[in-house]
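Have the viewer open and follow along.

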There are 2 protein chains.
Amino acid sequence: MSPSRQPYHHGNLREALLAAAFRLVDSQGPESVSIRALAREAGVSSAAPFRHFADKAVLLDAVAARARAELDRKLDESTPRDADVLTQFRAMTVAYVRFAAEHPRLFDLMQSSGSTSGRFLGDLEDERRLKLIALICEGQNAGLIPEADPELIALTSEALTHGLARMVVDGHPRLASLSSEDARKLALAATQLLQSGIGLS
Amino acid sequence: MSPSRQPYHHGNLREALLAAAFRLVDSQGPESVSIRALAREAGVSSAAPFRHFADKAVLLDAVAARARAELDRKLDESTPRDADVLTQFRAMTVAYVRFAAEHPRLFDLMQSSGSTSGRFLGDLEDERRLKLIALICEGQNAGLIPEADPELIALTSEALTHGLARMVVDGHPRLASLSSEDARKLALAATQLLQSGIGLS
DNA sequence: TGGATAATGTTAGCACTGCTTACACCTAAA
DNA sequence: TTTAGGTGTAAGCAGTGCTAACATTATCCA
């Protein structure tokens, strides 16, 4: 009955491991995650984690999923409801690029762990993507957006957003370790440019 | 004098290791590269590789450098000399996205090994970037490109290019395992869109 | 030409990893 | 209260990166 100093069961090992791994990936990248080390940190034997995660890859997938949820939350928070299409798109781009600038390693993991889980993680969620396309159609009806394949427009917009984010993460020389504020400015300027066009051909 | 079956020295171990690692990364990704396995394949002891590469990271950096050279070559080949700015930019984008589609793992390594070597690898080379900016200024003088900060225009163009490439690599649902030809079409359509602009705001 | 020197290989081994198997314990449901 | 299943442990296998000490060969200079 007396609660021994070290109870046989940890209580919520799964969450503890996941949280520790999340922090580690965020600060040092996935290659410095070791299951044995996580187990030590949690005060548990090195085989225990395998009761909760079949594989190291599965653990990292879970970390990626959590990161994706976090990004999703920030995208939702930052998007002003009932604003016009272009404003919404700009806000999304800003939030996306900021997340990449603030959590480059998590952002990177999100993408690269996609093949393991079979589900695309790195970019906009499917649901969000459909919404974007709907917004574009709406904009076209309102005469705000030129008539062209909405899917292509969505894809191009996504590419610009994703490209900016990845350039920050990948250490583009002019974008190295961008501050959040600079990330915001860059995202705004670039989306502006996409809207007005770059050439007159 | 008689050439024994297994001469003590390999001859060109460095190149053999590098080539094998290059192939392996291209086909299976960097995490399935093992120095010991490379040594076995080369018929050499497991300590020998360290005479040529201080580190596993150094080996992978060398692979990344080779991949970058390969991409550079393809970019050069594909760019028509003495064409107008927009044509050149489109050609570059196409070549870039195609390379990513054909060698996703090499493309990925190029970017992620940047932090190790301290040099940005994933995107356009510095030299090429300067040339792009020069082209843009030229285009502005010729009235082909609107007056705006040339660096911003270059950055935005790069972002679109890089973003398309990464979306292919990262397994975007609509872009999963794109054929070379489809990659070409996509790159063309998207750059076209960037040139004409997406909104009328 | 010969002999030191540097380059490149070998063997053995350390510390670490992911992961498995067999067993121990504790909890919750029948 | 028993029993089944979830969760922990200990021990160990196969593999890894990397190092230290030693062996062999190529190269270059007296």
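## How the copies are related

Keep in mind that this is a predicted model. Superposing chain B on chain A takes a rotation of 180 degrees with 0.0 Å of shift along the axis, and the RMSD is 0.0 Å. The two copies are thus related as by a two-fold rotation axis.

The contact surfaces tell a matching story: 100% of the interface residues of chain B are also interface residues in chain A, so the copies meet through the same surface.

## The interface

On the chain B side, 43 residues are in contact with 43 residues of chain A. Together the chains bury about 3900 Å², with 70% of that on carbon and sulfur atoms.

What about charges and polar groups? There are two salt bridges between chain B and chain A, and eight residue pairs in polar contact across the interface. One of the salt bridges joins B:R174 to A:E151, at 2.6 Å from N to O. Helices α7 (126–141), α8 (150–169) and α9 (180–196) of chain B each put at least two residues on the side that touches chain A. Of that side of chain B, α8(B) gives the most, with 14 residues.

## Salt bridges within the chains

Over all chains, the count comes to 24 salt bridges. A pair worth a look is A:R166 and A:D108, whose side chains meet at 2.6 Å, N to O. This pair links distant parts of the chain, with A:R166 in helix α8 and A:D108 in helix α5 (residues 104–112) of chain A, 58 residues apart. A:R166 has 1% relative accessibility, so it counts as buried, while A:D108 is partly exposed at 24%. In chain B, B:D108 and B:R166 also form a salt bridge, with the closest N and O atoms 2.6 Å apart.

A:R73 is partly exposed at 40%, and A:E70 is partly exposed at 27%. Along with A:E77, A:E70 and A:R73 are linked in a network of salt bridges.

## A helix check

Does helix α4 of chain A come out mostly covered or mostly uncovered? Mostly covered: 15 of its 18 residues are buried. For α4 (residues 85–102), 1.5 Å a residue predicts a span of 26 Å, and the end C-alpha atoms are 26 Å apart, which agrees.

Note on methods
Residues numbered from 1 in each chain as written. Chains lettered and ligands numbered in written order. Predicted model: local features only at pLDDT ≥ 70, side-chain atom pairs only at ≥ 80, totals over all residues. Heavy atoms only, no water. Helix = DSSP H or I, 4+ residues; strand = E, 2+ residues; numbered from the N terminus. Expected span 1.5 Å × (residues − 1). Buried < 20%, exposed > 50% of the residue type's maximum accessible area, 1.4 Å probe, protein only. Least-squares fit on C-alpha atoms with pLDDT ≥ 70 in both. Contact = heavy atoms within 4.5 Å. Buried area = accessible area lost by both parts, 1.4 Å probe. Salt bridge = Lys/Arg side-chain N within 4 Å of Asp/Glu carboxyl O. Polar contact = N/O pair within 3.5 Å; in protein donor to acceptor, adjacent residues only side chain to side chain.
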